[in-house]
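Subject: Structure handover and notes

Dear colleague,

I am passing on the structure below, together with some notes on what turned up when I went through it. Please read the notes with the coordinates open beside them.

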Amino acid sequence: MSTSGPDKLSWRHLKIVLKNKMCLRNVIMIANSCFELGYWLSHFKTSLTIVISKPNKTSYNSPKSFRPIILLNILGKLIKKVISDRLQFHVVTNDFIYQSQLGDLKFKSTSDAGIALTHVIHMGWIKNMLTSTLTFDIAQFFSSLNHHLLLLILKKADFDSHIVKFSSNYLVNRRMYYVWNNFFSHFVDVNVGVGQGLALSPILSALYLASFLEKHLKNLNLQISLLSFIDDGLLITQSKSFETSNSHLYCSYNVVFNLLTKFGLLVEHSKTKVFYFSRSQGNFNPPPLNLLPIGGPILSPKDSWQYLGFIFDRKLSFHNHINFYVNKAISTVKCMKILGNSTRGLNPHQKCLLYRSCSLPIALYEF
């Protein structure tokens, strides 16, 4: 259930309104007019941001200790969802987004990323090769996208001129005010990036990355693959020696870092990690990956590696992953005891519904 935005309406209210055929026709007319005129109503450019403190933080002196929740006008959210679906259909049917780009696209999820990586690893083992991976994170990704460059990318993707014109208007003159406890701010301009959590942000950010990353990595003529999930990138290489793998990872990471810097994006070296997959039964002691020459750290792999919610070990046994999520699901079930007993509180049907909606998805990686 979503929280209402500045217009005080929720999805439940909108569904009731759209049951009226006249109202539905008017909404469709507004959406089509936005496309044809290349204009996004100023009413839809206003947002409310609620600042919530993250729990269990030792200090709240840093902005990273807080989570901003953006609330938008409900009708604008509906129209943007429709526009986003149109854009995704266009880029997918024209193969503008490469197949390994999985983040926030329709019918793509973290499960697809985990399955794709596992498949690559097993295929490498068939050829007696070890698989080496390097993950990197793009800091402040959505708020760092350059508007002028994004519009050029839309033109390159052969979008209709109306869509390009609409996008240029959509990205500017946005305003917001924020609420922090009992404090209400004045309106401020937010004309940077595309805004995280908005309906159009996933497809626009995917187009931004698709324009350069995959193409330049192919030009390296190295056995290197890229798996992208929004602002989390994963470089994959396979070889029969650690030295060759580290060399490929170093070269490709250097290219990616320089490219992202030129496009106005920043890679957080502190979040860069390396991990190796091998079925070797003997001593497993891979050498560290030295990124100091390009401003990064010296990376040494740990016994396990967490990626998109999965917990990998080098032999893909998934023991750590299973233990973690089973214990988490059991803890959730135990917490349900305080919500009722045999005489009061939740009845058995409600407990069953709570278990299926809150505990079972954790155990089955569906949350």
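This is a predicted model: local features need pLDDT of at least 70, side-chain atom pairs count only at pLDDT 80 or more; totals for chains, interfaces and linings use all residues.

Residues are numbered from 1 along each chain as its sequence is written, and side-chain values use heavy atoms, with hydrogens and water left out.

I start with the nonpolar cores, each a set of buried Ala, Val, Leu, Ile, Met, Phe, Trp, Tyr and Cys residues joined through side-chain atoms within 4.5 Å; buried means under 20% relative accessible area, exposed over 50%, and partly exposed in between, with a 1.4 Å probe and protein chains only. The largest core has 63 residues, of which L134, F136, F159, I203 and L235 touch the most other members. Helix α7 (residues 201-210) gives the most to this core, contributing seven residues; helices (H or I, at least four residues) and strands (E, at least two) are DSSP runs numbered from the N terminus. Another core, of 21 residues, lies apart from it and includes I121, I236, F310 and F312.

In strand β1 (residues 46-53) sits S47, which counts as buried at 9% relative accessibility. Leaving aside neighbours within four places in sequence, S47 is in contact (heavy atoms within 4.5 Å) with P6, I70, L71, L72, R175, M176 and Y177.

Helix α11 (residues 348-363) bends by about 35° at Y355, where the bend is the angle between axes fitted to the seven residues ending at a residue and the seven starting there. Just after α11, Y365 takes a positive phi of about 55°.

Finally, the structure holds zero disulfides, a disulfide being a pair of cysteine sulfur atoms within 2.5 Å. The sulfur of C352 is 12 Å from the closest cysteine sulfur, in C358, which is too far for a bond. C358 is likewise in no disulfide, the nearest cysteine sulfur, that of C335, being 11 Å away. C352 is partly exposed, with a relative accessible area of 40%, and C358 is partly exposed at 34%.

With best wishes
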